[in-house]
Every structure is written in C-alpha cells, then in structure tokens.
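Here is a short note to read beside the model. Please keep the structure open and find each residue as it comes up.

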Amino acid sequence: MTTTNAVTKKQQRIAIVGGGPGGLTLALILQRHGIPTVVYEREASPSSKQQGGSLDLHAESGQRALKEAGLYEQFQAIARYEGEDFRIFDKTGRNYWDEVADPDDTDEGQRPEIDRGTLRRLLLDALDPGCIRWGYKLDQAISLENGMHELRFENGHVDTVHLVVAADGAFSRIRPLLTDAVPAYTGLSMVEISLRNAVAIHPEIAAFNGRGKMFALSDHKAIIGQLNGDGTIRVYLSFKVEQDWLDTCGIPFDQPEEAKRQLLQQYSDWDESLTKYIRDADGPLLPRRIYMLPVGLTWEHKPGITMIGDAAHVMSPFAGEGANLAMLDATELALSLVQHDDINKAISDYEQKMYGYSSKSAAESDDSLKLCFGDDAAAKLSQMMTQFHEQH
C-alpha cells in the first residue's frame with residue numbers, strides 16, 4: 001500500500017502487538033515524529049506481572065534507541081554503571097575472571113545496567129497512555145487481500161490495520177503469516193530463583209556476587225547470579241538437558257523447600273560459596289526452557305506486516321542481545337517509516353538491514369551458549385572476555 005505524503009501516512013492505522021521494550025520503543029519513536037500507533041498488550045496492567053531481571057544496554061543498540069526516543073539523559077541518571085561487574089568461577093570456587101567496573105566511567109562504550117521494570121516505566125511515562133490497550137491478548141491475525149490485516153482478540157475486539165508489527169515474543173501469533181519457522185529448544189533449561197534484598201539479608205553472598213553478574217560454570221551446568229537495582233539477586237540454575245527434563249526430573253517446583261533440596265543434589269560437589277545461592281534463596285521457583293529461531297532467518301516480504309525483537313529472531317540470552325536487538329529493531333523500523341512515504345518500502349528496507357545485524361548476534365549467542373555449557377567452560381569464557389577487552 002503506497003501513501004503519497006506525510007499526512008496520509010499519519011492517517012494510516014499502525015498496530016503494535018506486544019508492549020515489551022521493543023514495542024514501546026517503536027511506539028515512542030513514532031510518537032516523537034507525529035505518527036500515531038496503537039499498542040496491544042496481553043498483560044492486564046503495567047504492574048500485573050514481574051518484569052524479570054536486569055539488562056545491560058549497549059551503545060549501538062539499546063542506548064541508541066533511547067537517544068532516538070528522547071530518553072537518554074533520563075536513562076543515564078538512573079543507569080547502574082557499576083552493574084558491569086563480572087565474575088567467573090568453576091564449581092570448586094576458583095576465580096577465573098574478576099572485572100570491577102568504574103561507576104564513574106560513563107563514556108559511550110560502557111554497557112550500564114537497568115532493571116527491566118525500570119526501563120518499562122521510563123518508556124511508559126513518555127508514551128501517550130491513550131495509545132496502549134492493556135488486557136488485549138491476540139487470538140488471530142488475518143491477512144486481507146488489500147494488504148491490510150484484521151486482528152482478533154480474545155476479548156472480542158477486532159481491529160483492521162494498514163501495518164501490524166509483531167512484537168509479541170518468541171511464540172508470536174503473527175509470525176506464521178510470514179514464515180513457517182518455529183523456535184527450537186536449545187538444549188538448555190533454567191530454574192530461576194532469587195535472594196530478595198540480598199545486599200541487606202545475605203551480605204556474604206552479595207559480596208561474593210559483586211555488583212553485576214557472577215557465572216559459575218562446570219559439568220555442562222551453571223549457577224548464574226545477577227544483582228538487580230532493588231538489591232535482589234536473581235539466580236539462574238542452568239542445565240544442559242533433554243527438552244522434557246523439567247517435566248520428568250521429579251523436582252516439585254511448586255514446593256520451594258523440597259525443590260531446593262533436590263536442586264542442591266544436582267550441585268552436590270559444588271563449592272559452598274556457590275550452593276549458598278540455592279540454599280538461601282526465597283520466593284518462588286520459575287522453570288523455563290530456552291529456545292531459539294534458526295540463525296540467519298529471513299522471510300519473503302509481505303505487505304503491511306513485519307516483526308521485531310524475539311518474534312523475529314529469538315535467541316539464547318548468552319550474548320546479552322535480546323532487549324537490545326528489540327530496541328534496535330524498533331529504532332530502525334521507526335526511522336524507516338518516518339523516511340519513506342511508502343509503508344511497504346519502509347518495511348522492506350528495515351527487514352534487509354535487520355537480517356544483517358540480527359543474524360550476526362544470533363550466531364554469537366549460539367556460540368556463547370555452546371561455550372558456557374561445554375568442557376572447560378570457565379576457562380574458555382574468561383579467555384573470550386580477555387579477547388573482547390583487547391578488541392575494545
């Protein structure tokens with residue numbers, strides 16, 4: 001569908017399905033350029049769901065997106081530059097890497113941390129609240145002959161739009177309109193636990209963890225600790241196991257004390273400095289499988305529809321690229337829509353650019369996962385970090 005000038009473009013109906021970092025960034029950058037959108041989010045409200053852990057925002061992607069969204073100065077004021085601390089151990093407690101960040105080093109190359117919930121509030125506070133529809137879970141998206149799309153929601157609402165942007169995550173309801181590709185299990189499963197207010201309640205663990213991330217890697221398993229802005233340490237117990245392991249292992253994840261007892265058995269020969277993360281954890285346990293789309297996925301361009309973020313290129317979290325790429329996608333798509341009067345030319349240009357950088361990140365992410373859960377993982381990861389710092 002071709003538009004002839006900026007006025008008609010602004011009259012076109014653009015729907016973004018998904019109110020994560022990517023969807024909100026896209027809506028906000030378009031809003032700054034006078035292009036209205038509607039964001040459909042399945043969650044009932046901004047506070048209805050725990051938003052997950054901490055993110056490190058990269059200069060070339062997440063930070064660039066915040067600049068385009070007019071939020072970079074606000075981000076810098078609350079970003080945790082000390083959150084770049086990074087420690088690597090093996091199961092014996094031997095330390096292979098101990099990076100201590102300088103919180104005063106705020107130059108462009110840094111990757112400061114921000115909690116997901118804090119980032120979302122930053123974006124929401126700048127966005128016209130009238131453009132977001134909370135509690136709208138997409139049931140079906142239908143391509144119409146004129147290049148438009150009909151969106152049907154579980155609450156009965158129906159919308160017909162000129163452009164639908166899938167920002168609805170790894171198991172996107174919109175992706176099947178563009179490709180038959182589906183996310184595949186990576187071979188990795190995780191159990192997320194947490195140490196709430198760890199800085200005050202568990203100072204010994206907090207000191208061991210550092211102000212950022214701690215990776216303990218051995219035996220194709222991991223204990224990963226990440227300090228969040230509220231003082232909580234989120235812990236990701238990670239296992240290279242069959243896809244059905246979470247269902248067949250017999251661990252009652254809804255019974256925290258018994259589940260912790262059985263999880264400790266999985267790490268029976270690991271040093272106490274590491275098993276403390278499990279023993280002292282409080283709160284619920286959240287088991288999950290890690291999925292990825294094929295590295296280098298592309299699709300045939302179709303009118304009035306595209307994807308950003310995990311919908312387009314879900315990958316493992318071992319390159320730290322998920323939210324960063326979603327926000328970069330949002331930036332590239334928004335700027336392409338601003339630049340081109342033809343909405344489909346804008347989509348096509350964005351997709352070609354996105355394929356290039358996302359396939360590179362997906363390959364790096366897959367390589368990092370294989371390294372972290374292969375043999376001699378702690379030593380190899382520390383070698384990789386040394387090379388990274390030498391190159392930067």
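**Notes on a predicted model**

1. Start with His 202. Setting aside residues up to four places away in sequence, His 202 touches Leu 195, Asn 197 and Asp 280. The model is a predicted one. His 202 sits in the loop between α6 (198–201) and α7. Is His 202 buried or exposed? His 202 counts as buried, because its relative accessibility is 14% and the cut-off for buried is under 20%.

2. Next, look at helix α10, which spans residues 272–279. Its buried residues are Leu 274, Thr 275, Lys 276, Tyr 277 and Ile 278. Which elements cover them? The cover includes three helices and strands you can pick out by number: α7 (203–209), β13 (213–218) and β14 (221–227) are among them. The cover also includes β12 (184–195), β15 (233–240) and α9 (256–266).

3. Now the nonpolar cores. In soluble globular proteins, nonpolar side chains tend to be buried together. Here the largest nonpolar core has 73 residues. Which of its members touch the most other members? They are Leu 26 and Leu 151. Leaving aside neighbours within four places in sequence, Leu 151 is in contact with Ala 15, Val 17, Tyr 40, Leu 138, Gln 140, Ala 141, His 157, Val 158, Asp 159, Val 161 and Val 164. A second core is separate and has 33 residues. Ala 198, Met 214, Ala 216 and Ile 278 are among its members. Ile 278 is also one of the buried residues of α10.

4. Stay with strand β9 (residues 149–153), where Phe 153 is found. Phe 153 has a relative accessible area of 5%, so Phe 153 is buried. Beyond residues up to four places away in sequence, Phe 153 touches Tyr 40, Tyr 136, Lys 137, Leu 138 and Asp 139. Tyr 40 and Leu 138 are also contacts of Leu 151. Compare Phe 153 with Ala 101: they are 52 residues apart in sequence. In space, their C-alpha atoms are 46 Å apart.

5. Leu 122 belongs to helix α5 (residues 116–126). Leu 122 counts as buried because its relative accessibility is 9%. What does Leu 122 touch, not counting residues up to four places away in sequence? The contacts are Leu 71, Gln 74, Phe 75 and Ile 78. Leu 122 and Ile 224 are 102 residues apart in sequence. Their C-alpha atoms lie 27 Å apart in space.

6. Ser 365 is in helix α13 (residues 343–372). The relative accessible area of Ser 365 is 0%, so Ser 365 is buried. Its contacts, not counting residues up to four places away in sequence, are Met 315, Ser 316, Pro 317, Phe 318 and Ala 319.

7. Helix α13 also packs against helix α14 (residues 377–391). Two packed helices are described by the angle between their axes and the distance between the axes. For α13 and α14, the angle is about 140° and the axes are 8 Å apart. The two helices are therefore oblique to each other, as angles over 145 degrees would count as roughly antiparallel. From α13, the contact uses Ser 368, Leu 371 and Cys 372. From α14, it uses Ala 377, Lys 380, Leu 381 and Met 384. By class, this contact has five nonpolar, one polar and one charged residues.

8. Asp 376 lies in the loop between α13 and α14. Asp 376 is exposed, because its relative accessible area is 58%. Check its backbone too: phi is positive, about 50°, although Asp 376 is not a glycine. His 220 also has a positive phi, about 60°, and is not a glycine. Where is His 220? His 220 lies in the loop between β13 and β14. With a relative accessible area of 32%, His 220 is partly exposed.

9. Last, the cysteines. A disulfide is a covalent bond between the sulfur atoms of two cysteines. How many disulfides does the structure hold? It holds zero. Cys 131 is buried, because its relative accessible area is 9%. Cys 249 counts as partly exposed, because its relative accessibility is 21%.

Note on methods. Residues numbered from 1 in each chain as written. Predicted model: local features only at pLDDT ≥ 70, side-chain atom pairs only at ≥ 80, totals over all residues. Heavy atoms only, no water. Helix = DSSP H or I, 4+ residues; strand = E, 2+ residues; numbered from the N terminus. Buried < 20%, exposed > 50% of the residue type's maximum accessible area, 1.4 Å probe, protein only. Contact = heavy atoms within 4.5 Å. Disulfide = S-S within 2.5 Å. Axes fitted to C-alpha atoms, helices over the stretch in contact; angles between N-to-C directions. Parallel < 35°, antiparallel > 145°, perpendicular 65-115°, else oblique. Nonpolar A, V, L, I, M, F, W, Y, C, P; charged D, E, K, R; others polar. Core = buried A, V, L, I, M, F, W, Y, C linked by side-chain atoms within 4.5 Å.
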